[in-house]
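Take a look at the structure below. This report goes through its two chains, from single residues up to whole-chain totals.

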Amino acid sequence: MKETFLSLIAECIEREANDINETDRFRDYEEWDSLAVLSLIAMIKQNFDIIIPRKDFDSLYTIEELYNYIQGQKK
Amino acid sequence: MGARILGVEYYLPDKILTNQDIENQYPDWNASKVEKKVGIRQRHIAANDESSLDLAVKAAERLLIDFDRKVIDFIIFCTQSPEYLLPTSACIIQDKLGLKKSIGALDFNLGCSGYIYGLALAKGLINSGISQNVLLLTGETYSKFIAKEDIGNRSIFGDAGSATIISRSDEEHIGEFVFGTDGKGAENLIVKKPTAKQGYALHENEHPVIYMNGPEIFNFTIEIIPSLISETLSKNNRCFNDISYLIMHQANKYMLDFLISNMGIDPGKCHVDLLNYGNTVSNTIPIALKDAIDLKIITIDDIVQLAGFGVGYSWGSVILKI
């Protein structure tokens with residue numbers, strides 16, 4: 001997985017980049033909150049021009065799953 | 001001939017809920033993060049014995065200091081938290097403001113798009129010759145729908161009332177409108193109970209509770225608003241450079257900052273200020289308009305774009321000449 005994606009995630013969640021792995025379940029981070037959700041939505045729209053419907057988002061658990069979802073949706 | 005806004009006022013209830021107050025109750029809650037990201041430091045909360053129509057009446061009393069109340073011949077009142085299911089709040093407001101009896105009065109139920117709709121109704125009433133001077137009021141007390149432990153919504157929403165006079169003028173100052181509706185979004189921002197289907201019944205100690213699916217609302221906003229802004233500009237034969245100032249519904253700072261950067265427009269021409277009010281639903285646009293006029297950010301003859309969006313889903317935008 002691209003390092004840049006991990007650092008984008010780190011920025012959204014406000015967590016150290018070297019403390020983030022692709023197999024992590026991002027909702028388990030202690031920094032995870034409702035603002036982190038908005039940051040993720042904004043980051044994904046800005047960088048990939050994709051809007052993830054809530055029901056799809058709720059079925060994604062790890063950073064890897066999120067990354068793969070975005071790759072599958074890319075226009 | 002046309003219609004023109006001649007004055008705007010607003011009223012905020014006395015009681016203030018600060019981020020510090022919330023943090024004192026919930027020490028895990030991060031007040032400074034909320035101020036930085038959501039852009040809200042405090043919000044005003046209506047008293048138990050204060051309703052949306054009371055807030056609108058207080059705003060109107062401020063406005064009517066400078067206007068002859070005898071000329072008002074129509075009241076339109078936007079609220080989603082009416083004091084009563086019936087009668088119409090606007091009828092009670094006619095009496096409270098001591099307006100003449102030979103006037104029209106109606107309520108309409110819309111949230112964050114409500115002010116845009118109100119301007120459209122007022123323009124229609126005036127340009128069709130039905131009315132000369134419309135009093136457009138908004139009043140909202142969402143705080144009464146928010147559960148005590150729902151810190152997310154308590155930190156976002158504030159209560160307020162506003163009053164605007166729209167009058168017949170020699171020149172048209174209220175431009176073309178664009179509206180949109182998608183009822184599929186209804187379930188994402190809703191007060192489900194009391195409902196007619198359960199005889200409006202609530203259990204003992206149960207209160208109406210607002211539910212907001214924040215991420216879905218955010219998705220809706222980033223999908224719809226950029227095209228709403230550009231369609232309204234083109235319908236008015238304008239481009240963003242012609243606009244002196246853009247006032248979007250003040251939902252939260254994070255969302256507004258994102259929209260502004262996503263649209264690639266000059267942040268200096270966009271209103272972002274909910275620090276002391278929070279999201280006051282249909283009041284955010286008239287509050288912003290009044291503040292921008294008072295601060296001389298907007299002056300006579302400026303071209304201003306307004307855009308409201310939210311619960312429904314419902315959205316609308318218009319361009320005004322001040």
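Is T62(A) buried or exposed? T62(A) is buried, because its relative accessible area is 13% and the cut-off for buried is under 20%. Keep in mind that the model is predicted.

**A buried residue in a loop**

Which residues does T62(A) contact, leaving aside neighbours within four places in sequence? They are E22(A), T23(A), D24(A), R25(A) and F26(A).

**A partly exposed residue in another loop**

Now turn to R27(A). This residue is found in the loop between α1 and α2 of chain A. R27(A) counts as partly exposed, because its relative accessibility is 27% and that class lies between 20% and 50%. Not counting residues up to four places away in sequence, R27(A) touches W32(A), F57(A), D58(A), L60(A) and Y61(A). What separates R27(A) from I50(A)? In sequence, 23 residues; in space, 20 Å from C-alpha to C-alpha.

**Two helices that cross**

Two packed helices are described by the angle between their axes and the distance between the axes. In chain A, take helix α1 (residues 3–13) and helix α2 (residues 34–48). Their axes come within 9 Å and cross at roughly 145°. The crossing of α1(A) past α2(A) is right-handed. Which residues make the contact? From α1(A) come F5(A), L8(A), I9(A) and C12(A). From α2(A) come A36(A), S39(A), L40(A), M43(A), N47(A) and F48(A). By type, the residues of this contact are eight nonpolar, two polar and no charged.

**An enclosed helix in chain B**

Move on to helix α9 (residues 284–294) of chain B. Nine of its eleven residues are buried, so this helix is largely enclosed by the rest of the structure. The buried residues are T284(B), I285(B), P286(B), I287(B), A288(B), L289(B), K290(B), D291(B) and A292(B). What do the buried residues of α9(B) pack against? Their partners in chain B are one helix, α5 (114–127), and the strands β1 (2–11), β6 (133–140), β7 (160–169), β11 (245–248) and β12 (303–310). Just after α9(B), K296(B) takes a positive phi of about 60°.

Chain A has four helices and zero strands. Along the sequence its pattern reads α-α-α-α. Chain B has nine helices and 13 strands.

Next comes overall size. With 75 residues, a compact globule would have a radius of gyration near 11 Å; chain A has 11 Å, so the two agree.

| Property | Chain A | Chain B |
|---|---|---|
| Span of the C-alpha trace along principal axes | about 30 × 25 × 20 Å | about 55 × 50 × 35 Å |
| Residues that count as buried | 45% of 75 residues | 57% of 322 residues |
| Accessible surface | about 4,200 Å² | about 13,700 Å² |
| Carbon and sulfur atoms in that surface | 43% | 51% |

One more value concerns contacts along the sequence. In chain A, count contacts between residues at least 6 apart in sequence: 56% of them join residues at least 24 apart. In chain B, residues 24 or more positions apart account for 77% of the contacts with a separation of 6 or more.

Note on methods:
Residues are numbered from 1 along each chain as its sequence is written. Chains are lettered from A and ligands numbered from 1 in the order in which they are written. This is a predicted model: local features need pLDDT of at least 70, side-chain atom pairs count only at pLDDT 80 or more; totals for chains, interfaces and linings use all residues. Side-chain values use heavy atoms; hydrogens and water are left out. Axes are lines fitted to C-alpha atoms, for helices over the stretch in contact, and angles run from 0 to 180 degrees between N-to-C directions. Helices (H or I, at least four residues) and strands (E, at least two) are DSSP runs, numbered from the N terminus. A crossing is left-handed if the near helix is turned anticlockwise from the far one by less than a right angle, and right-handed if clockwise. Contact means heavy atoms within 4.5 Å. Ala, Val, Leu, Ile, Met, Phe, Trp, Tyr, Cys and Pro count as nonpolar, Asp, Glu, Lys and Arg as charged, and the others, Gly among them, as polar. Buried means under 20% relative accessible area, exposed over 50%, partly exposed in between (1.4 Å probe, protein chains only). The radius of gyration is taken over C-alpha atoms; the globule rule is 2.2 Å times the number of residues to the power 0.38. Accessible areas come from the Shrake-Rupley method with a 1.4 Å probe; for residues, only the protein chains shown count as cover.
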